[in-house]
Amino acid sequence: MKKYLILLLLAVVAPALKAQESDEAVLTKISSGQTVTATTRSAARLFADKDDLTSVIYILTVGSSVEVIGLDSTYYHVMSEGNEGYIKKSQAIIDVTPKIAAETGSPETTAVSQETDQASSTGVAAQTATTSRLADLQARYDTKTAQSIFERKIWKGMNTDMVIDSWGNPQKINRTIVPDSVTEEWLYTSTWLYFEDDILVSWGPIEK
């Protein structure tokens, strides 16, 4: 009986120890000057202040790469496109190989020749991006939902991740936090969207 209790205790404690070691390893890399990056596995709000949930700088889409410069039990302290802020650890995963460093090529490898047919390159890139976007949506949603999002449609009951996949990040977010719920008004160029607890409930034109 005692043997089984010990095994059960190890099964419960081991994952926690592993997670703690992982955080320590990340901090060790950061302290030693190594670049550490993470990739978002869902849409993630980038907060200017982790203690102020209204301090959203913008929303990172799925698959966004950020540089991790610190962490605590709940948040990663990150840099994203020159903005310093915080994202929830549950919404990102540490990259085995730093993506930001890997994607930063030398001028010789990233420079585009002036003789390149830019119009052709742009067309191919746009087609590739469109195909990639649809494939990504189909991997995460059922066929009908993926197609609707691909066509930039919105409907009541969508969550915030789905809306970002369809319309992209809003230009501005007005957030109201009460003890039992969070409501948000997302402002796009000509349309406002209203969310209750991350669910789209209504929208309309912005009056100018």
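Of the 208 residues in the chain, 30% are buried, where buried means under 20% relative accessible area, exposed over 50%, and partly exposed in between (1.4 Å probe, protein chains only). The model is predicted, so local features need pLDDT of at least 70 and side-chain atom pairs count only at pLDDT 80 or more, while totals for chains, interfaces and linings use all residues. Residues are numbered from 1 along each chain as its sequence is written, and side-chain values use heavy atoms, with hydrogens and water left out.

**Exercise 1. The chain as a whole**

Task: State how many helices and strands the chain has, and what part of its accessible surface belongs to carbon and sulfur atoms.

Solution. 
Step 1. The chain has 6 helices and 11 strands. Both are DSSP runs numbered from the N terminus: helices are H or I with at least four residues, strands are E with at least two.
Step 2. The accessible surface is about 13400 Å², and carbon and sulfur atoms hold 55% of that area. The areas come from the Shrake-Rupley method with a 1.4 Å probe; for residues, only the protein chains shown count as cover.
Step 3. Take the contacts with a separation of 6 or more: 43% of them are between residues 24 or more positions apart. Contact means heavy atoms within 4.5 Å.

**Exercise 2. Salt bridges**

Solution. 
Step 1. A salt bridge is a side-chain nitrogen of Lys or Arg within 4 Å of a carboxyl oxygen of Asp or Glu. The count by this rule is 8.
Step 2. In the bridge between Arg-45 and Glu-184, the closest N and O atoms are 3.0 Å apart.
Step 3. Arg-45 is buried at 17% relative accessibility, and Glu-184 is buried at 2%.
Step 4. Arg-140 and Asp-136 form a salt bridge with an N to O distance of 2.7 Å. An α-helix has 3.6 residues a turn, so residues three or four places apart point the same way.
Step 5. Both partners are partly exposed: Arg-140 has 32% relative accessibility and Asp-136 has 37%.
Step 6. Glu-151 and Lys-153 form a salt bridge at 3.1 Å, N to O. Glu-151 is partly exposed at 41%, and Lys-153 is partly exposed at 42%.
Step 7. Arg-45, Arg-175, Glu-184 and Asp-198 belong to one network, joined by salt bridges that share partners.

**Exercise 3. The two sides of helix 5**

Task: Say which residues of helix 5 are buried and which are exposed on the other side.

Solution. 
Step 1. Helix 5 covers residues 143-150, and its buried residues are Thr-145, Ala-146, Ser-148 and Ile-149.
Step 2. These residues span an arc of only 165° around the axis, so they are on the same side of helix 5. The arc is taken from the directions between the helix axis and the C-beta atoms.
Step 3. Thr-143 and Lys-144 are exposed on the other side of helix 5.
Step 4. Just after helix 5, Arg-152 has a positive phi of about 65°.

**Exercise 4. Aromatic pairs**

Task: Classify the ring pair of Trp-167 and Tyr-188 and that of Trp-186 and Phe-195.

Solution. 
Step 1. Rings of Phe, Tyr and Trp (its six-membered ring) pair if their centres lie within 6.5 Å; planes under 30 degrees apart are stacked, over 60 edge-to-face, and the rest tilted. The whole structure has 3 aromatic pairs.
Step 2. For Trp-167 and Tyr-188, the centres are 5.1 Å apart and the planes stand at 90°, so the pair is edge-to-face.
Step 3. Trp-167 is in helix 6 and Tyr-188 in the loop between strand 9 and strand 10 (191-196), so the pair links parts 21 residues apart in sequence. Trp-167 is partly exposed at 29%, whereas Tyr-188 is buried at 9%.
Step 4. Trp-186 and Phe-195 form a tilted pair, with 4.5 Å centre to centre and 45° between the planes. Trp-186 is buried at 0%, and Phe-195 is buried at 0%.
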